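Please look over the chain shown here with its computed contacts and geometry in mind. A short report on selected elements is given below it.

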Amino acid sequence: MKHESILVIGGSGFIGSHIVAGLSAGRRHVIVPTRRLVRARHLWVLPTVSVVEANVFDPQSLDRLLAQVDAVINLVGVLHSRPGTPWGPAFERAHVELPRRLAVACQRLAVTRCLHMGALGADIHGPSMYQRSKAAGEQIMLDAAGLNVTSFRPSVVFGPEDNFLNMFARLQSLLPVLMLGGLQAKFQPVYVGDVAQAFINALEDHDTFGKVYELTGPHVYTLRQLLHLAGTYSAHPRPVIGLPDSLARLQAFFLEHVPGGPLMSRDNLDSMKSDNLASGKFPVPAGWRPTPLEAIAPQYLSGR
């Protein structure tokens, strides 16, 4: 069965926009809910895409959306939250409460095909609230009776609109020197186009039902190396000074409260206590050939 109408929750975001564009190119009808239509204006021009104003945390709104589709992709995730046990309120709402409501609604409305965005390193016993809450939400989806769920766990995702390498490049264009903690943390960045294609390929693949896949790039970098690459590719290389943990946490505390939203949080530092690398405990998609960072990042960081 080919799924012809797909609800993409979080479809107006960085990764979601690429998934929605790919689904539209395949002539599938895609519904993208958003709290504010203007946030998804870049999707308005895509054929077969309907952008609707809706609150997916409202049960009635979620039911109305699911009644129009035969598959759902949940990409909702947040990086920051106030502290809490075992995780903060923003993590509870986005990573745990929404998957729980989504699973129940899908069961009630017989929308059995679900793709879910997890996170590399998600662990119910992990050092950060982010990791623990992502693991909990993923398990809720996988345990839901009657649903055919596939979950993907990407490493940090790079691409022209990312808020990862672009942020590092922007900081180096503004500051004479960078001082950060966690510089030895390791990452395996993955290209957004590869992540989007993995979701699209899995939609009708019955072999992926009930499975979790890790999505990582071909190379491992320390945070220090990624900062260097971002500065070099954007033509603003700056010296990078590592901070001890105590100063790094103090810095993160202040960065949590900057206008416009946190640039980094203490929970981010906690996440970096575990290297963001493929664990080998989960498979990669069939035919997975990830794009090297060096093949993509120089173009968009340099403005070409």
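This is a predicted model: local features need pLDDT of at least 70, side-chain atom pairs count only at pLDDT 80 or more; totals for chains, interfaces and linings use all residues.

Residues are numbered from 1 along each chain as its sequence is written, and side-chain values use heavy atoms, with hydrogens and water left out.

The elements named are DSSP runs numbered from the N terminus, namely helices (H or I, at least four residues) and strands (E, at least two).

| Element | Residues |
|---|---|
| helix α2 | 59–66 |
| helix α3 | 89–109 |
| strand β5 | 113–117 |
| strand β6 | 148–154 |
| strand β12 | 221–222 |

The axes of α2 and α3, which are lines fitted to C-alpha atoms over the stretch in contact, come within 10 Å and cross at roughly 50°. In contact terms (heavy atoms within 4.5 Å), P59, L62, D63 and L66 of α2 meet R101, L102, A105, C106, R108 and L109 of α3.

Strand β5 pairs with β6 in the parallel sense over five bridges, where pairing requires that DSSP finds at least two bridges between the strands; within this pair, C114 stands opposite V149 in β6. Of the seven residues of β6, six are buried, that is, under 20% relative accessible area with a 1.4 Å probe and protein chains only.

T222, in strand β12, likewise counts as buried because its relative accessibility is 13%. Leaving aside residues up to four places away in sequence, T222 touches L183, Q184, A185 and K186.

Definitions and conventions: Buried means under 20% relative accessible area, exposed over 50%, partly exposed in between (1.4 Å probe, protein chains only). Axes are lines fitted to C-alpha atoms, for helices over the stretch in contact, and angles run from 0 to 180 degrees between N-to-C directions.
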